[in-house]
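These are my notebook entries on one structure, written as I looked things up.

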Amino acid sequence: MHPKSHALIVIDVQNDFCPGGALAVAGGDDIVAGINTLMDDFGVVVLTQDWHPVGHSSFASSHAGKSPLELVDMPYGPQVLWPDHCIQGTTGADFHADLRTDADLIIRKGMNPAIDSYSAFFENDHTTPTGLEGYLRTRGITDVTLVGLATDFCVNYSAVDAANLGFKVTVRTDLCRGIDFDGSLAAAIEGMKSAGVTVL
Ligand code: VGL
Ligand code: ZN
């Protein structure tokens with residue numbers, strides 16, 4: 001059992017990121033049982049849920065002539081375009097049916113139509129907070145362990161933001177799965193390590 005000051009953050013274990021989903025990550029469902037077991041070791045568990053409105057600006061379908069995995073320039077910088085995924089209220093946005101949801105907090109992100117939000121802490125403008133930092137600090141959390149989907153996007157951005165905010169961060173890569181588009185997985189591992197994240 002970890003001390004009460006150490007929280008588990010489970011990133012986006014949702015149907016659309018699992019095999020058969022709109023933005024399926026290979027083996028995304030393989031990690032569910034291990035995450036459920038790991039929850040027993042933590043006094044504070046947070047789940048995140050990617051939760052986009054219809055027509056979200058991160059969807060290729062919202063940009064004429066663009067396909068998924070193409071880049072567009074947004075006011076906050078380059079943005080990868082994705083297939084429509086995790087639309088609010090759809091089955092694709094639901095947590096994997098086997099995932100334990102008896103968590104302390106479920107935080108939703110990606111609701112702003114104009115800004116994507118990979119990180120559980122900030123939208124992709126790196127400025128607009130989700131409120132998770134305040135929640136963790138007021139609960140006395142100093143350490144966080146991250147698991148979930150996808151290693152190279154939402155887990156990566158969340159881990160780096162947490163480290164930059166001063167939390168002691170561990171990523172359990174055995175309980176994560178990546179998209180690995182154009183070398184993104186290796187780059188993410190390097191980026192997390194340089195930010196001071198312990199990558200296991
Ligand atoms: C994610 C791409 C788009 C993720 C979310 O959870 O890693 N990736 N939206
Ligand atoms: Zn998304």
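Entry 1, accessibility. I call a residue buried under 20% relative accessible area, exposed over 50% and partly exposed in between, with a 1.4 Å probe and protein chains only. I note that the model is predicted: local features need pLDDT of at least 70, side-chain atom pairs count only at pLDDT 80 or more, and totals for chains, interfaces and linings use all residues. Residues are numbered from 1 along each chain as its sequence is written, chains are lettered from A and ligands numbered from 1 in the order in which they are written, and side-chain values use heavy atoms, with hydrogens and water left out.

I looked up Asp-73 and found it in strand E3 (residues 71–74); strands (E, at least two residues) and helices (H or I, at least four) are DSSP runs, numbered from the N terminus. Asp-73 counts as exposed because its relative accessible area is 71%. From Asp-73 to Leu-8, 65 residues apart in sequence, I read 33 Å between C-alpha atoms.

Gly-196 I found in the loop between helix H4 (184–194) and strand E8 (198–199). With a relative accessible area of 55%, Gly-196 is also exposed. Its C-alpha atom is separated by 25 Å from that of Val-13, 183 residues apart along the chain.

Val-144 belongs to strand E6. Its relative accessibility is 0%, so I record Val-144 as buried. Val-144 and Ile-87 are 57 residues apart in sequence, with 28 Å between their C-alpha atoms.

Which residues are around ligand 1? I listed Asp-12, Phe-17, Leu-23, Asp-50, Trp-82, His-85, Tyr-118, Leu-149, Ala-150, Phe-153 and Cys-154, a residue being near a molecule if one of its heavy atoms lies within 4 Å of it. This shell divides into eight nonpolar residues, one polar and two charged. Here Ala, Val, Leu, Ile, Met, Phe, Trp, Tyr, Cys and Pro count as nonpolar, Asp, Glu, Lys and Arg as charged, and the others, Gly among them, as polar.

I then checked polar contacts (pairs of N or O atoms within 3.5 Å; within protein, one must be able to donate a hydrogen and the other to accept it, and residues adjacent in sequence count only if both atoms are side-chain atoms). A side-chain N or O atom of His-85 is 3.1 Å from a nitrogen atom of ligand 1. On the backbone side, a polar atom of Leu-149 is 3.3 Å from a ligand oxygen atom, and an N or O atom of Ala-150 is 3.0 Å from an oxygen atom of ligand 1.

Leu-149 and Ala-150 are joined by a cis peptide bond, with omega about -15 degrees. I placed Ala-150 in the loop between strand E6 (143–149) and helix H3 (151–164).

Where is Cys-86? I found Cys-86 in the loop between strand E4 (77–80) and strand E5 (105–109). Cys-86 is not a glycine, yet its phi is positive, about 45 degrees. I record Cys-86 as buried because its relative accessible area is 0%.

His-126, also not a glycine, has a positive phi near 60 degrees. I placed His-126 in the loop between E5 and helix H2 (132–138).

Ser-117 lies in the loop between E5 and H2. Its relative accessibility is 1%, so Ser-117 counts as buried. A polar side-chain atom of Ser-117 lies 3.2 Å from the backbone oxygen of Ser-119.
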